[in-house]
Amino acid sequence: MNKLCIEGDKKLNGSVTISGSKNAALPILFMTILTEEKIKISNVPNLTDINIALQLLVYLGAKVNYKKILSIDTSFINIFSAPYDLIKKIRGSIWILAPLLARFGQAKIFLPGGCKIGSRPIDLHLNGLIKLGATIDLKDNCINAFVKGRLQGKHILMEKISVGATITIMSAATLAQGLTVIENAAREPEIIDIANFLNTLGANIIGAGSNKIFIKGVSKLTGGHHQIIPDRIETGTFLVAAAVSRGCITCHKTEPKHLKSVLIKLTEAGAHIQTGKDWIKLDMREKQPKALNICTLPYPGFPTDMQTQFALLNTIAKGIGTITETIFENRFIYISELINMGAKIKIKHNSIVSNGIPQLCSSNVFCTDLRAAATLVLAGCIAIGITIVNQTYHLVRGYESFPSKLNKLGANIKII
Ligand code: UD1
């Protein structure tokens with residue numbers, strides 16, 4: 001998928017089933033390396049990032065069977081170095097490093113790729129592994145990691161809250177000798193899901209979801225079955241789809257508890273929201289959303305991965321709204337595309353100020369990253385006229401069947 005042709009001015013109504021979380025599934029796939037026994041994982045989303053992760057595992061020697069349930073057997077892994085052409089495609093490939101190092105005492109990977117939304121350093125990942133006893137050699141964009149014997153549990157204070165680095169350290173510490181304590185840990189639901197997965201395999205992790213995680217190392221992990229949590233960002237994206245199109249959408253197979261900050265903001269925008277055990281319904285019929293002031297923060301704050309979608313909401317809202325991005329320093333590249341569609345937005349340092357207009361107009365726009373891609377598709381669905389969205393390969397990295405799910409809600413999107 002490279003280009004979408006979208007007929008706009010549509011109200012999006014109906015029900016959508018939410019897929020499994022990309023940001024939980026990706027690290028969990030790499031963590032299967034930590035055990036020699038067979039693993040089954042359900043609710044794995046069908047995405048290009050996931051397929052690349054599976055290709056990486058197969059390259060190393062794992063046996064993978066991806067039907068409704070994903071089966072992985074990593075007992076045959078005999079290669080500890082991952083090829084550049086796969087690693088460079090996804091940011092999440094950094095999570096292959098710690099499991100290889102913890103199980104085999106060695107790992108070699110190139111610096112990972114992913115969305116261009118800032119400098120995205122990996123120093124916290126590497127410093128965490130060094131504190132656990134690894135020797136890390138960084139040369140020619142290649143990370144060489146070694147440890148003699150087992151990694152050693154340590155007290156680690158994260159100088160910055162990082163989802164990715166918390167995951168790396170947590171996975172390395174499961175097979176370390178002794179107790180690891182991660183202070184100032186990220187608290188995202190994906191961290192809890194990963195800890196639950198590892199505990200299913202016999203790891204001893206307590207405190208995931210709080211800012212202090214305790215990992216008592218074990219010498220071996222077993223096999224097991226795990227179900228990935230629903231994707232909270234996909235859920236939030238469909239809720240915004242209802243809000244910006246003045247429609248009514250129910251998201252099924254989701255977890256309302258993971259979207260508290262997003263639901264607070266959508267309510268503030270004027271949406272009527274109802275929730276059940278595993279569903280959320282948002283009704284914005286006959287209403288123009290009110291502009292919002294938002295600041296992205298680590299969980300449980302407002303997610304940076306919902307920044308672009310709410311920027312779209314502010315462009316067609318009543319009033320002036322400001323969104324401040326505090327997690328990534330370069331996450332406004334897509335704004336020029338919304339401006340091409342008529343949005344009145346000014347970028348001021350790490351904030352955007354939007355002066356709401358009643359409706360966007362169609363244009364020929366280019367996706368710059370994953371979340372921006374979803375936002376531009378939604379913008380096309382509500383703009384007057386035909387919008388062409390280019391470079392939509394970003395979309396299939398993180399949203400399962402996005403155009404067809406939207407078409408079932410009343411959109412008119414054709415894949416060119
Ligand atoms: C992950 C998610 C991404 C999400 C983000 C925040 C994946 C593949 N990516 O990204 O979708 O937007 O969490 O929820 O799941 N930092 C450092 N050094 C490091 C690591 C991070 O300085 O070693 C900085 C980053 O530049 C950023 C901040 O810490 O400013 C947070 O980054 P982090 O939470 O690690 O995000 P990612 O793991 O990159």
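Biologist: How many cavities of 30 Å³ or more does a search of the whole structure find?
Modeller: The search finds 1 cavity of 30 Å³ or more. This is a predicted model, in which local features need pLDDT of at least 70 and side-chain atom pairs count only at pLDDT 80 or more, while totals for chains, interfaces and linings use all residues. Residues are numbered from 1 along each chain as its sequence is written, and side-chain values use heavy atoms, with hydrogens and water left out.

Biologist: Why is this space called a cavity, and what lines the largest cavity?
Modeller: It is called a cavity because a 1.4 Å probe fits at its points, on a 1 Å grid over the protein atoms alone, but cannot get out. The largest cavity holds about 60 Å³ of space, a volume being that filled by probe spheres set on grid points joined across faces, edges and corners. Its lining, meaning residues with an atom within 4 Å of a point, consists of Leu124, Asn127, Gly128, Lys131, Ile156, Leu157, Met158, Glu159 and Ile169. Helix 5 and strand 9 (155-157) each give two or more of these residues, and helix 5 has the largest share, with 4. Helices (H or I, at least four residues) and strands (E, at least two) are DSSP runs, numbered from the N terminus.

Biologist: What makes a space a pocket instead, and how much space lies in the largest pocket?
Modeller: A pocket is an open set of points with protein on both sides within 12 Å along at least five of seven lines. About 1100 Å³ of space lies in the largest pocket. Of its 47 lining residues, Arg120, Val163, Gly164, Ile327 and Phe328 lie nearest its centre. Two or more lining residues come from each of helix 1 (22-31), helix 5, helix 6, helix 8 (232-245) and helix 12 (370-382), and helix 6 supplies the largest share, 4 residues. By class the lining has 19 nonpolar, 11 polar and 17 charged residues.

Biologist: Which space does the ligand take?
Modeller: The ligand takes the largest pocket; a molecule is assigned to a pocket if more than half of its atoms lie within 2 Å of the grid points.

Biologist: How many residues surround the ligand, and which are the closest?
Modeller: The shell has 19 residues, the closest being Asp123, Ser162, Val163, Asp305 and Ile327; a residue belongs if one of its heavy atoms lies within 4 Å of the ligand. Helix 5 (123-131) and helix 6 (163-174) each supply at least two shell residues, and helix 5 gives the most, with 3. The shell divides into 8 nonpolar, 5 polar and 6 charged residues.

Biologist: Which residues does the cis peptide bond join?
Modeller: The bond joins tyrosine 299 and proline 300, with omega about 10°. Proline 300 is in the loop between strand 17 (294-295) and helix 10 (307-315).

Note on methods:
Ala, Val, Leu, Ile, Met, Phe, Trp, Tyr, Cys and Pro count as nonpolar, Asp, Glu, Lys and Arg as charged, and the others, Gly among them, as polar.
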